[in-house]
Amino acid sequence: MDDLDLLVDLHKPGHRQGPGADAETERALDLAGIDRSASVKIADIGCGTGASTLLLARLLNARITAVDFLQDFLDVLEERAEKLGVADRVSTLACSMDELSFADGELDVIWSEGAIYNIGFEKGVAGWKRFLKPGGLLVASEITWLTDRRPAELQGHWDREYPEIDTASAKIRVLEKHGYTPIGYFVLPEHCWLDEYYRPMQARFDDFLERHGHSAEARGLVAAEQKEIALYETCKAHFGYGVYVARKVA
Ligand SMILES: C[S@@+](CC[C@H](N)C(=O)[O-])C[C@H]1O[C@@H](n2cnc3c(N)ncnc32)[C@H](O)[C@@H]1O
């Protein structure tokens, strides 16, 4: 099994593959002011196994295209949609988020939780805009500095991992530069990281290691995840996920 297969095997059983929670998805929905009875077309980009897609499908009168480049995650999403009785409103698309083929102006809403960093926030918000109707909404969570100053070691870590990390004011400036009106921002609370994402992942480590005969690669992945968790626990005052809600200028 290669490293990507291992990553998929560890994360596929998770309710979600990144920080977030149903209450915060709903909070973003309310900030965006989406009418729950209006018929809307949504793309959930980097959807994983569907934590946000399935909640949006239950709360809204929406047709949702759930996009991820990992078919394994989409297969789980489809099973979950069937079980929840929302499969008729959800379709999946295995595609990279920088090669989307929606028509110009096709979407009312673009949703993306914990995923836009894969191509970079600026490239994502600039590239996806054409798919939105004038006045359409973008809701995206993005790694964000929560303080103006931080320890040099932490700065060095993120400069290596994701140099586009920045403060909320800088992210909002990027939205404005690319033709959006920012209409809301909040920070995901700690429980979105610890209770919803990291603790359930840690609870899967033993089974995961057993499944892979405690191979060096499997132990390496667990160690990398533990390191990421420790970094969050130590430095959570300085970074987190910001949730950005913005409207495409008409
Ligand atoms: C941190 S996970 C978040 C998943 C989900 N939104 C959630 O919050 O549970 C990031 C997701 O982006 C997907 N992804 C990474 N790079 C991608 C790309 N270039 N195109 C499409 N999806 C991608 C991964 O497969 C993964 O499902």
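1. The structure, a predicted model, holds 14 salt bridges.

2. R16 and E113 form a salt bridge, with their closest N and O atoms 3.0 Å apart. R16 sits in the loop between α1 and α2, and E113 in the loop between β4 and α5, so the pair ties together parts 97 residues apart in sequence. R16 counts as buried because its relative accessibility is 7%; E113, at 18%, also counts as buried.

3. D108 and K133 meet through their side chains in a salt bridge of 2.9 Å, N to O. D108 belongs to strand β4 and K133 to strand β5, 25 residues apart. D108 is buried at 19% relative accessibility, the cut-off being 20%, whereas K133 is partly exposed at 34%.

4. R199 in helix α8 and E233 in helix α9 are 34 residues apart. Their salt bridge has its closest N and O atoms 2.7 Å apart. R199 is partly exposed at 36% relative accessibility, and E233 is partly exposed at 34%.

5. A network of salt bridges links E26, D30 and R36.

6. Helix α4 covers residues 71-84; at 1.5 Å a residue its 14 residues should span 20 Å, which agrees with the 20 Å between its end C-alpha atoms. G85 follows α4 and has a positive phi, near 75°.

7. The buried residues of α4 are F73, L74, V76, L77, R80 and A81. They cover an arc of only 160° around the axis, so they lie on the same side of α4. Their cover includes α1, α3, β2 and β3. E82 and K83, on the other side of α4, are exposed.

Key:
Residues are numbered from 1 along each chain as its sequence is written. This is a predicted model: local features need pLDDT of at least 70, side-chain atom pairs count only at pLDDT 80 or more; totals for chains, interfaces and linings use all residues. Side-chain values use heavy atoms; hydrogens and water are left out. Helices (H or I, at least four residues) and strands (E, at least two) are DSSP runs, numbered from the N terminus. The expected span of a helix is 1.5 Å times one less than its number of residues. Buried means under 20% relative accessible area, exposed over 50%, partly exposed in between (1.4 Å probe, protein chains only). The arc is that of the directions from the helix axis to the C-beta atoms. Contact means heavy atoms within 4.5 Å. A salt bridge is a side-chain nitrogen of Lys or Arg within 4 Å of a carboxyl oxygen of Asp or Glu.
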